[in-house]
Amino acid sequence: MVIAKNNNSSSEFGQRLSELLKSSNISQRKLAQKVGITEAAISRYINSDRTPNGKIIGSIANALHVSTDYLIYGHDDNTADTDYWKIYHWIKKNAYQLSFEQKRELILLLLTEENGK
């Protein structure tokens with residue numbers, strides 16, 4: 001699957017990729033290393049100068065813990081998994097701002113078996 005070059009979906013892909021890198025605190029270089037492509041290629045995807053093929057989209061999605069649907073279309077049918085990674089990245093990015101008590105409450109919430117039943 002290839003996203004058509006220089007159209008709205010291509011620029012939206014680049015914007016989503018840029019936002020995911022920021023929220024995940026991953027550099028273009030680190031993503032390129034994980035995916036096995038050049039940093040320049042990642043930059044071209046973000047700037048909508050180039051569009052990745054399906055294999056690269058899959059590798060990027062795996063590296064960023066999102067679905068290919070989310071990267072391409074901006075939504076995902078597998079919401080539980082997507083929500084998990086959104087929460088994970090938010091916590092990773094903002095944990096230093098949480099108080100000890102807030103962290104403790106989150107841990108207790110996760111460890112309580114009655115939640116979600």
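Predicted model: local features only at pLDDT ≥ 70, side-chain atom pairs only at ≥ 80, totals over all residues.
Helices (H or I, at least four residues) and strands (E, at least two) are DSSP runs, numbered from the N terminus. Residues are numbered from 1 along each chain as its sequence is written.

**Whole chain**

In sequence order the pattern reads α-α-α-α-α-α-α. Of the 117 residues, 33% are buried; buried means under 20% relative accessible area, exposed over 50%, and partly exposed in between (1.4 Å probe, protein chains only).

**Serine 48**

Select serine 48, in the loop between helix H3 (39-46) and H4. Serine 48 has a relative accessible area of 10% and is therefore buried. A polar atom of the serine 48 side chain lies 3.4 Å from the backbone nitrogen of serine 11. A polar contact is a pair of N or O atoms within 3.5 Å; within protein, one must be able to donate a hydrogen and the other to accept it, and residues adjacent in sequence count only if both atoms are side-chain atoms. The phi of serine 48 is positive, near 60°. Most residues other than glycine have a negative phi.

**Helix H4**

Move on to asparagine 53, which caps the N-terminal end of H4. One of the side-chain oxygens of asparagine 53 is 3.0 Å from the backbone nitrogen of lysine 55. Next select residues 54-64, helix H4, where the buried residues are Ile56, Ile57, Gly58, Ile60, Ala61, Ala63 and Leu64.

Serine 59 also sits in helix H4. Is serine 59 buried or partly exposed? Its relative accessible area is 25%, so serine 59 counts as partly exposed.

Histidine 65 follows H4 and lies in the loop between H4 and helix H5 (68-73). Histidine 65 has a positive phi of about 60°, although it is not a glycine. With 32% relative accessibility, histidine 65 is partly exposed.

**Largest pocket**

A pocket is found on a 1 Å grid over the protein atoms alone, as an open set of points where a 1.4 Å probe fits, with protein on both sides within 12 Å along at least five of seven lines; lining residues have an atom within 4 Å of a point. To see the largest pocket, select Tyr84, Ile87, Tyr88, Ile91, Lys92, Lys103, Leu106, Ile107, Leu109 and Leu110, which line it. Helix H6 (79-94) and helix H7 (100-111) are the elements that give two or more residues to this lining. The volume is about 290 Å³, taken as the space filled by probe spheres set on the grid points, which are joined across faces, edges and corners. The lining has eight nonpolar, no polar and two charged residues. Ala, Val, Leu, Ile, Met, Phe, Trp, Tyr, Cys and Pro count as nonpolar, Asp, Glu, Lys and Arg as charged, and the others, Gly among them, as polar.

**Second largest pocket**

The last stop is the second largest pocket, with a volume of about 160 Å³. Select Leu20, Ser23, Val66, Tyr70 and Lys86, the closest to its centre of the 13 lining residues. Helix H1 (8-24) and H6 each supply at least two lining residues, and H6 gives the largest share, five residues. This lining divides into six nonpolar, four polar and three charged residues.

Definitions and conventions:
Heavy atoms only, no water.
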